[in-house]
Amino acid sequence: MPKRNGRPLMAPLGLLVTLLTLGSYAALRPIPTRVPPDAVQSTVGMVDESTCAECHSEADSFAQTGHARTLRPANDPLSLDLLRQMAAADKPRQAGLDIEFRDDKVLAVHRAGDRERKVELKWCFGSGEHACTWTSTLPDSLGAIDLLEFRYTWFHGEGVFDISPGQPQQDSAGYFGPLGVLFDGPKARRCFSCHTTYLPIRDGVIEEAHVRGGVTCQRCHGPRARHVASEGEFRDPRWKVQDQMDAIHRCAQCHRRAEEQPPESIWPGNPDIVRFQPVGLVQSACFQNSAMTCTTCHDPHRPLADQNSRGRWQCIQCHDPDADHHVTCAAGEMDGCIDCHMPSVRMEAPIEFTDHWIRVVGATERKP
Amino acid sequence: MIAPQSRWGEFVWWWVASLCGLLSANLFWIADRIAVWPVRDSSVLEAGHIYSPPLAWLPFVADSTHWHYWQFAIVAALLYGWIACRLSTRMHPAVVFAYIWTLSHFNTRGALLGGAVLWLAIEIGNAMEKGGELPRQSEGKGEPVVTGLHRFMLPACVAVSVLAAAVTIEYGLVLAVLGLALLTWRIDKPGPSPLRGQRTFGALAWVATIAVVMLLVPGMGATLLRPWSWMWVSPPPSLFPSLAALWDLETRQITAWHGILLLFIMGQWMRLFRDNPPRLWDAGVLSMATLLVVGCCYYSWLGAILAAGAHGRRYGANGNREAGRTLLPRLNQGSLWAGIGLGGLLYQVVTNSTTVLSADLIQRRVTPVLSATPGPVMLLNLDHTPRWQVPELLAHFPLLVNDRWEAYAPWYDQLAAVSQDWKEWKREAYLRHDGSWGGYGAVFERWQPSLIALDAQDEQAIRQVTLDSNWKIVGVDAEEVLFGTASDPRAVAQALRCMSLFSFLEIPRSAAELDFEGSLALGAPQDTVRVANVLTAMRMPLAALRLLPDTSSREVQVARTLAYFELAHRTLRYSGHVSILDSIRAGRLTQELMQEPLLPSTKDRLDRAQMALAQAAGQVLELQSAAETSRGEQDTVRLIINGDLTGAQQAIDQQEPTPSWRFFRVLMGANPNDAANLSRKIAAELTADGDMPAALVAEFLFYCGQLAIESGDLAESRNFFRECLARDPFTPFRDLADFYLSQM
């Protein structure tokens, strides 16, 4: 009898080991990496923000800030009021535009000859402190949501309705051309992202019914459920501001970072970057030579109008005439610092932004 | 009596059968380039830390890593024939044939040489096992040849180990097989103690040498573990689909061939159970094979070879070669199965003769026109790595990261995150839920990619990146869509060429110069369907419809349906009016397709498209003045846009034959698949119907014009559109008709 090599139990043992290995792999294998979602697209760990006011007095006044009111439904009272004014305003009417109010819907209507075009306005972007722009939404063939930016915007500073910034003076082609400009999915998402605290998107579809408009507490401070549950003991280190530049970057998510602008656009006096406050601020000597951040001068928890944001109190923190070691105004001025060093700049549209590139503004500044 | 078949004769027939299997697996693309041995790694992010086998460094070898498929098939068939010869001693030739054809349909992933070395290692292992089973021929008459060969087994193991490390990155498998053989050899082999002591020392020396070399050569240790390290690497399925397990259905890696392979493996286990007693060697090899085939789709091919290696005891209980069963004992079995293989191949050639004969002339993949890129290529699907490793591309288009997960796994997380940001056009920094910063802009500043290769099936990403992003399409084929950056002037020039070509395909007109080269590769009919879906995602449905082959296969009909939906959306956005015709065509095809067995993802895609149309068109319908259309007509249109064509037909049938309802009837009778005849039919109905209101006539003519573009008849299309505008200057379709006319 030839000597055989083998063990009687090899087969079942081998199969058992294989199945155990596969089973262990299936059960224990690392979960495929899921990229952490955009903070604005997740409510995991979030809490009802009405609880914030129980401990934080800042929450009392926050609801009146521009951030809190930066997105609302088009049939919101403030929006409706503005739209009624638009219906009576000259410029939109001359362009053939009208606003109709039907049940709880707001319709923008364009009439030219026998042709009538209508779209339902669904959202009002902007707190109204600077401007309000209305939008509609339309699905594409993949189901993703495209945004229609309405043709006209309300500009608070001059109290007028004018063509929305960035839109051409002539109507675009197509049915919606006279009513506004269509943005594709990614652009629609970008618009909503900066005006919401929660933006539910699934497969490109914005679930409008569940959008939480406004930039509110947890948009900046992160999910706070655990913080509330621990009665304030727990503070998520991942959401803690790390340093001066990180503080700027928090605001710059929406107000734009300098390094994300074309380098050739960063020159003093460029009106195209004035509306992006962090871009100019980080160029400033004031920023570079101090621990200055956005919140040095602005309390985001209080309305701007309540803060004397144009007063000199911000400046004399470092440029106090009574302090010997401080550098003060060479022109001998004691007040009105903003007027010279952070003037307001008017855009092409009837809106002004304060130039945050703090400097001695030259009369002959031009593009290099 | 038929003389016993010679071994060489049997091998030749199995070689023929294997060759037929390999050719039938890639029938249209026998001139394709396929990697036969490993390519030297030239990726950017971990340059210098990846092990490339010495073979890949030899200059004359590096330029010939890729052979034409038919050359590969001839050589690979040698390996398959060898395997088949071994298997045919143990199992029915039909099983062997099925196995060979299954093996032919798996991607070797550049491991042909590695597979051959693996099989060599298996043969050595089986030889070492076999030596312990043969009876000594007679005592005192000298050692039998087989036992005598045992003194060469250890040197053979060492030689094959060195060979494996020199020629393949899958040498870990080879070493594992040899290690298993040495282990069982050590445990089970008879022999005097000095000999056993030598073997033990030799085996330990072998292990120690391997360990030292691993430590000295960077990356070699990681590559050794490659056949197992997929277990703890977990990239997102979309980034590396083939690394998923067979049960991960969302990656769609499992095929019918996997089913056959699993049956084969089950048969091998049953055979092992029947062996008396089974060998540790077989159990070990079969375990490894099962683990690889089931746990990692990437290793289907190598796992299949391993599975064939566990073919159990070569000799039956009485020491005789086990006779294979045969249904036709008078025929040479090998020639029978070679004949069947040849017949199968010929059948495929005959039924696809046009495509086969012209295959070499049809370009399948788009090669970047740019002569070189200033930066690396970023793949968003790492299974496409082999496409970029052909010698002529390798030097000029280095990859950022490739499929060598043993080295690049630490980068996969970041690559997945950046890929997702890029697809969603999230360039600027934003905070993620975990407090980290997202946005691809900063990462791209470091990586400086100049070409991005997106999977051609990711239609949502294609659409999202096509419009406003500063990354522009510079090439399209069935597998990938290439994007170049607008900051590269050469990419901009190529992107303009691409857009000229695509807009010509959308609305053909006289064009001075059009160049498909480097812009568009259509491939075989099944490839063309995928390209058509890319064009639909780019919002070019007419181009997609024109490219689709004139068949009614399921894939073609799905592509056609999606294009009709896109066309309906375009008409809605331009005119503010529902395209009844395209809504009916899309709805009818959707109804038909839903009766067939569809993948869940396809069903979901069609459902979403139907819902999106219903929602978009519904929004517009709701706002239209009631004076424009009757309530009944509006309800019928709502049924159509919701895809309820049965309900719409019933509603129409109940109506009087007024012009509006006659209009609906004509359109409801539309055959979705025949644009040319449909436009003629509608035109004929118009001619016959004298009292149709101008608005409806104009709408009919608009549809005819669009159908004429679809079928490629530009002159007819112009006539229809002009007639449309003449009949009703205020038709809601005038903007779109004007647009089409301006493009022609």
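Reply: One begins with pLDDT, which is the predictor's confidence in each residue, from 0 to 100. This is a predicted model, in which local features need pLDDT of at least 70 and side-chain atom pairs count only at pLDDT 80 or more, while totals for chains, interfaces and linings use all residues. Residues are numbered from 1 along each chain as its sequence is written, and chains are lettered from A and ligands numbered from 1 in the order in which they are written. In chain B the average pLDDT is 85, and 89% of the residues score at least 70.

Me: Over which residues of chain B is the pLDDT below 50?

Reply: Where pLDDT is low, the predicted coordinates should not be read in detail. In chain B the pLDDT is below 50 over residues 133–147, a stretch with 16 contacts beyond near neighbours in sequence. The pLDDT is also below 50 over residues 315–331 of chain B, where there are 15 such contacts. Two residues are in contact if their C-beta atoms, placed from the backbone, lie within 7 Å. For the model, ipTM is 0.91 and pTM is 0.90.

Me: How many helices and strands are there in chain B?

Reply: Helices (H or I, at least four residues) and strands (E, at least two) are DSSP runs, numbered from the N terminus. Chain B has 34 helices and eight strands. Of the contacts in chain B with a separation of 6 or more, 68% are between residues 24 or more positions apart.

Me: How is a sheet read, and what is the order of the four strands in the open sheet of chain B?

Reply: Strands of a sheet pair through backbone hydrogen bonds, either parallel or antiparallel. Two strands are said to pair if DSSP finds at least two bridges between them. The open sheet of chain B has the order β3-β6-β8-β7, with mixed pairing. Because β3 (377–379) and β7 (471–476) of chain B each have a single partner strand, they stand at the edges, and one side of each is left without a neighbour in the sheet. From one strand to the next, the twist averages 30 degrees. Within this chain, β6 (451–455) and β8 (480–485) of chain B form an antiparallel pair over five bridges, and B:Leu454 stands opposite B:Val481 in β8(B).

Me: Which strands does helix α22 of chain B lie across?

Reply: Axes are lines fitted to C-alpha atoms, for helices over the stretch in contact, and angles run from 0 to 180 degrees between N-to-C directions. Helix α22 (489–506) of chain B lies across β7 and β8 of chain B, at about 60 degrees to β7(B).

Me: What is the order of the three strands in the open sheet of chain A?

Reply: The order is β2-β3-β4 (chain A), and the pairing is antiparallel. The edges are β2 (97–102) and β4 (115–121) of chain A; each has a single partner strand, so one side of each lacks a neighbour in the sheet. Neighbouring strands of this sheet are turned by 30 degrees against each other on average, direction ignored. Seven bridges join β3 (105–112) of chain A to β4(A) in the antiparallel sense. A:Ala112 has A:Arg115 in β4(A) as its bridge partner.

Me: Is B:Arg109 buried or exposed?

Reply: A residue is buried if 20 or more other C-beta atoms lie within 10 Å of its own, exposed if 12 or fewer, and partly exposed in between; these C-beta atoms are placed from the backbone. B:Arg109 counts as buried because it has 22 C-beta neighbours inside 10 Å. B:Arg109 is found in the loop between α5 (93–104) and α6 (112–131) of chain B, and has a positive phi of about 55 degrees although it is not a glycine. Buried residues make up 50% of the 744 residues in chain B.
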